[in-house]
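This report describes selected local features of one protein model. Please keep the sequence and structure in view while reading.

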Amino acid sequence: MDGTTELLSISAFARRVGLAPSALRFYDDCRVLRPARVDGTTGYRFYSPGQEPRAALLRALREAGLPLAEVTVVLDGPEREGREVLERHVKRMRDQTQTAEAAIALALRSLSNAGAVTEARIGGVEVAGAVRQVAPAAASDVEHPALGCVLIEIDDGEVRLVATDRHRLSMRVLRPESLDGGPCRLLVPAADLIEFGQWAARFHRVTLRAGPNGARARGTSESWALPTVDDRFPAYREMLAALAPPEYRVIVDRLALRDAVNGHGGAALVALGFAGAAMTVSRADHSDATTLPAPPC
């Protein structure tokens with residue numbers, strides 16, 4: 001008897017647990033699933049039938065996309081930590097699935113609307129304000145032309161302007177007065193969009209039209225051609241999905257907020273406080289506070 005009669009060779013054990021022998025060697029090297037015995041002369045690995053449940057769980061966790069470092073926590077760490085790891089992974093997978101579904105749905109709608117024309121009617125001052133807010137976040141990186149652009153995305157009844165330089169991200173959502181056609185995405189160089197915003201501010205309403213022949217906006221008596229770039233903009237929705245949910249969300253009048261902040265113009269810092277549906281603006285020491293109630297719906 002050489003002590004291996006009750007043990008399984010690596011090939012036999014691999015067939016039982018559904019893992020390749022190369023995977024078992026890898027998990028041995030990582031000290032996640034060590035053989036029950038290693039022959040000192042040949043180096044052959046042998047496994048015990050009692051190791052099958054651990055191997056099956058290891059395979060299931062890896063197939064579920066769990067990183068190996070987190071697998072070891074589930075297998076060998078405290079039960080509480082293992083549960084936390086699994087709960088975080090489930091949430092991460094759900095978020096990734098939702099992001100992927102949204103991206104695929106957008107792509108499918110774009111394919112189905114290839115060659116179609118989309119028109120959105122928006123207030124000219126609103127457009128100008130959105131451009132002033134978002135365009136400064138665009139980069140001047142010539143290596144990545146998309147980062148020097150502002151994404152105009154028309155979808156789900158909204159017109160979104162998005163810009164990022166990989167360190168900051170700015171987005172403004174506009175609700176068009178009317179919207180015809182399917183979803184579309186335009187990449188407009190930031191400098192060109194700034195000029196467009198200045199032009200749009202002259203009109204009470206502008207109609208943005210995007211189609212196979214390019215993008216153009218119409219005012220009362222003039223039109224403006226929007227140059228576009230054929231490039232891929234960063235997946236900003238994934239960036240937003242990865243952020244922690246906001247602790248507070250308060251809607252206040254924009255001009256009232258501006259006046260409250262300017263009212264503390266002599267202070268190096270201002271503090272924002274939240275209580276119920278209201279927000280306070282004060283000095284950093286919380287003195288001289290101005291309360292901004294939520295506007296009536």
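## Two loop residues

Aspartate 156 lies in the loop between strand S5 (149-155) and strand S6 (158-164); strands are DSSP runs of E with at least two residues, numbered from the N terminus. The model is predicted, so local features need pLDDT of at least 70, side-chain atom pairs count only at pLDDT 80 or more, and totals for chains, interfaces and linings use all residues. Residues are numbered from 1 along each chain as its sequence is written, and side-chain values use heavy atoms, with hydrogens and water left out.

Most residues other than glycine have a negative phi. Aspartate 156, however, has a positive phi near 55°. With 56% relative accessibility, aspartate 156 counts as exposed (over 50% relative accessible area, with a 1.4 Å probe and protein chains only).

Arginine 166 is located in the loop between S6 and strand S7 (169-174). Its phi is also positive, about 80°, although arginine 166 is not a glycine. This residue counts as exposed because its relative accessibility is 55%.

## Paired strands

Strands S13 (residues 270-275) and S14 (residues 278-283) pair in the antiparallel sense over six bridges; pairing requires that DSSP finds at least two bridges between two strands. Leucine 272 has valine 281 in S14 as its bridge partner. The two strands form a hairpin with two residues between them, and glycine 276 in the turn has a positive phi of about 65°.

S14 is also joined to strand S15 (residues 290-292) by three bridges, and these strands run antiparallel. Here threonine 280 has threonine 291 in S15 as its bridge partner. S14 and S15 form a hairpin with six residues between them, where histidine 286 in the turn has a positive phi of about 70°.

Definitions and conventions
Helix = DSSP H or I, 4+ residues; strand = E, 2+ residues; numbered from the N terminus. Buried < 20%, exposed > 50% of the residue type's maximum accessible area, 1.4 Å probe, protein only.
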